[in-house]
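Have a look along with me, and I will jot down what I look up.

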Amino acid sequence: MYFMTQSRFAQSAGLETSFHVAIIMDGNGRWATARGMRRIEGHRRGARAVRRTVRAAPPLGITTLTLFAFSCDNWKRPGSEVAALMGLFGEYLASETGELLENGVRLSVIGRRDRLTEPLIAAIEACEDATASASHLHLRLAIDYSARDAIARAARLPASESEPAIDAFRRRLGSACGDSAPDVDLLIRTGGERRLSDFLLWESAYAELFFLPRMWPEFRASDLAAAVAEFRSRQRRFGGLSAECSSRERS
C-alpha cells in the first residue's frame, strides 16, 4: 500500500495521468553464463527484477507497464530452456497474484496463446480474472508476442466504417494481441543491445528510447527512476516545433 500513496503524490505533482513504459528485459541468460550459472538461473533472477520494477513503477507516475517476457522468435531456443521458462511464467503468476491484488495491479498477458500449455493458459486466465478490477497499475506481460504478427492479424480483422481509420486499427490491434493500452511513452531496453526486436512497433511510433548496458537481473528501482528522469528532461514534439522555435517564429 506504500507505493499507492506515493503514486497519488506523483499525480498531484502534475505528472502524466497516463504514462506507459515498456521494457525489453534483455540479458538474463548472458548474466547467468558470465557467472558460471545455468541460463535458467538468470531468468529466475530476472523474475525478481520484475517484482522490483512493478513495485517501483507507480511512485514514478507509471500507469501502464508492458514487459517483453517471451517473443515468438524465442521458440527457436533449446527445448529445455523454453520448458523451464514456461514453468517460470506459471510460477510467477501463481506466486505474485496476492501481491498484485494487494497493490491494485491489473495483469494482462498479450501475444498468442495457441502455442502455450493448458496449465499455463489456466494460470494466465486465473490471474487476469483475479486482478481484472484493479486500477492502480496495468501490468502487461508479452508472452509469445510479435508486433509484426499482431499487426498482420489486426489487418485481417473486419474494418469499422464508423470510426477514424487510426482508432479503428488501434482497436483491432488490441483484439489481435489480446489487450489494448495507450501508446508507449518510454521504451527501455537492458543488456546493451540497441534495437526494438519486434516489440510494440505500432504503439512505439513516438516513444522515447532508453538503452541501458545493465543486464536485466541487475535492473534496480533506481535504474527505472533514472530512465523516467531522462524521459522527463526530453522535449517531445511529435513532428512539430519546439516551444522555443514556435516562439521565435511568432516573433
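Is Arg 189 buried or exposed? I found that Arg 189 is buried, with a relative accessible area of 4% (buried means under 20%, exposed over 50%, with a 1.4 Å probe and protein chains only).

A note on the source: this is a predicted model, where local features need pLDDT of at least 70 and side-chain atom pairs count only at pLDDT 80 or more, while totals for chains, interfaces and linings use all residues. Residues are numbered from 1 along each chain as its sequence is written, and side-chain values use heavy atoms, with hydrogens and water left out.

Next I looked at the surroundings of Arg 189. I place Arg 189 in strand S5, residues 186-189 (strands are DSSP runs of at least two residues, helices of at least four, numbered from the N terminus). Its side chain makes a polar contact with the side chain of Asp 26 at 3.0 Å (a polar contact is a pair of N or O atoms within 3.5 Å, one able to donate a hydrogen and the other to accept it; residues adjacent in sequence count only if both atoms are side-chain atoms). The side chain of Arg 189 also reaches the backbone oxygen of Arg 195 at 2.7 Å.

Then I turned to the lists of contacts. Beyond its neighbours within four places in sequence, Arg 189 is in contact with residues including Ile 24, Leu 196 and Phe 210 (contact means heavy atoms within 4.5 Å).
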